[in-house]
Amino acid sequence: MSSETSNQNSSGIIPLHVPEIGGNEWNYLKDCLDTAWVSSVGAYVDRFETAVARRAGREYGIATTTGTAALHTALMVAGIGEGDEVLVPAMTFIASANAVRYTRARPVFLDVDPVTWQLDPEILNGFLKSCARDGSGAVINKDTGGRVRAIMPVHILGHPADMDPIMELADSYDLIVIEDAAEGMGALYRGNPVGSTGHMACFSFNGNKIITTGGGGMIVTDDQQWAERARHLTTQAKSHPTEYEHDEVGYNYRLTNLQAALGCAQMERLDDYVQRKRDIACRYGELLKGIPGIEPMEEAPWATSTFWMYTVRIGADEYGTDSRTLMKYLAAREIMSRPLWKPMHLVKANMLFLGEPCPVSETLYRECLSIPCSVGLTDDQQNRVVDALLERRGKR
Ligand SMILES: *Cc1c(COP(=O)(O)O)cnc(C)c1O
């Protein structure tokens, strides 16, 4: 679906979120095609890596095929493997947990903050306090005997996680912090870009993210050795410039120049996209304020959210119906909406990883609904969404 056909009219389907292609995408792609620099090396890859790293306040950027591949690589670079545990918020997309499992480490799911919906530092603190230290100082999960090695805060929906207390805890327990910043590109935490705080951070440029390369990801870090290792692992661990010598099992996780060309064009527009999304969020906030049963999305005082996804909470009792019935009602009016992810500890794929209950994540899962918030959303379309939300209210 092109943004022209999907975004212009006040009638017709209102998608949840579609990419915005309106800058130099065609020019840069044509340049790749004209010069036949289409594959996994090229000037756009370098340019894109530099642009994203700089934007995240980092020294190094290593582009990858997907955000999931970036997370997998970052975990490998951190030396995470069998017998290790990684602390992951329960309210996230499955990719965060899957990346941990690719390394044979065990994800431990912790609950999120009820206001920001991000990893709750209090709960993190409580969990770490419950751990033991072995003779070598390793942090041991008393329930499983596993070594807790890393924390993966996830900046969901464009809102940053509360990084300061997370970094303090990581420091005192010697844990590595890998930010899952797949949804956080362009957001600020206490004035600093998301992705600038952890030991490494990973972005995604999938079609549904705030900027897209069709599919893609990137690891950013300030550590030169880690950056080199990430590049090595993502290029089949080739250890000789001309001979096919490989010193370990590597991966083909490289982004193509074609994709990076799109990324360069998208990065040029990022500030506009963020501003537009913040305007959309502000307008939703005003139009939905004070309506019983609908809680507009919040922004912590220390956060500058991109509102990448605009998500409301539907209190079934006050609103008159639950989020899933509302989703169907909106669909019948050609308005797309989506629930949040099933919490990680309840997903069948993670059944082996029983942990503490995560009541906040479970409530958010039940109550939240993301509503249309494409960069190209028109005021007319937004009015249609709000009107539908008001119409359905009170009907059981
Ligand atoms: C999209 C996403 C990913 C994975 O990115 P892909 O590029 O789709 O592999 C990881 N974590 C979160 C939170 C995401 O939203």
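1. Strands E14 and E15 run antiparallel and are joined by four bridges. Tyr310 stands opposite Ile371 in E15. Strands here are DSSP runs (E, at least two residues), as helices are (H or I, at least four), both numbered from the N terminus. Two strands count as paired if DSSP finds at least two bridges between them. This is a predicted model, in which local features need pLDDT of at least 70, side-chain atom pairs count only at pLDDT 80 or more, and totals for chains, interfaces and linings use all residues. Residues are numbered from 1 along each chain as its sequence is written, and side-chain values use heavy atoms, with hydrogens and water left out.

2. E14 and E15 belong to an open sheet of three strands, with the order E12-E14-E15 and antiparallel pairing. Strand E12 (294-295) and strand E15 (368-371) are the edges; each has a single partner strand, so one side of each has no neighbour in the sheet. E12 pairs with strand E14 (residues 310-314) over two bridges, in the antiparallel sense. Here Ile294 stands opposite Ile314 in E14.

3. What is the burial pattern along E15? Cys368 and Ser370 point one way, Leu369 and Ile371 the other way, and all are buried. Buried means under 20% relative accessible area, exposed over 50%, and partly exposed in between (1.4 Å probe, protein chains only). In a regular strand the side chains alternate between the two faces of the sheet.

4. Another open sheet of three strands has the order E9-E8-E13, again with antiparallel pairing. Strand E8 (residues 188-189) is joined to E13 by two bridges, and the two run antiparallel. Tyr189 stands opposite Ala303 in E13.

5. A parallel pair should be noted too. Strand E2 (residues 84-89) and E3 run parallel, joined by five bridges. Leu87 stands opposite Val108 in E3. Strand E3 (residues 106-110) has four of its five residues buried, so the rest of the structure largely encloses it.

6. Helix H11 (residues 323-332) has Ser323, Leu326, Met327, Tyr329 and Leu330 as its buried residues. Down the axis of H11, these fall within an arc of 165°, so they line one face of the helix. The arc is taken from the directions from the helix axis to the C-beta atoms. Lys328 and Ala332 are exposed on the other side of H11.

7. Now the ligand. Which residues come nearest to it? Of the 16 residues around the ligand, they are Thr68, Asp180, Glu183, Ser204 and Lys209. A residue is near if one of its heavy atoms lies within 4 Å. By class, the shell has five nonpolar, eight polar and three charged residues. Nonpolar means Ala, Val, Leu, Ile, Met, Phe, Trp, Tyr, Cys and Pro; charged means Asp, Glu, Lys and Arg; the others, Gly among them, are polar. Helix H4 (67-77) and helix H5 (94-102) each supply at least two shell residues. H4 gives the most, with three.

8. For Thr68 the distance is 2.5 Å. For an N or O atom in the side chain of Glu183 it is 2.5 Å. For Ser204 it is 2.7 Å. The protein buries 93% of the 380 Å² that the ligand exposes when taken alone. Accessible areas come from the Shrake-Rupley method with a 1.4 Å probe.

Conventions: Polar contact = N/O pair within 3.5 Å; in protein donor to acceptor, adjacent residues only side chain to side chain.
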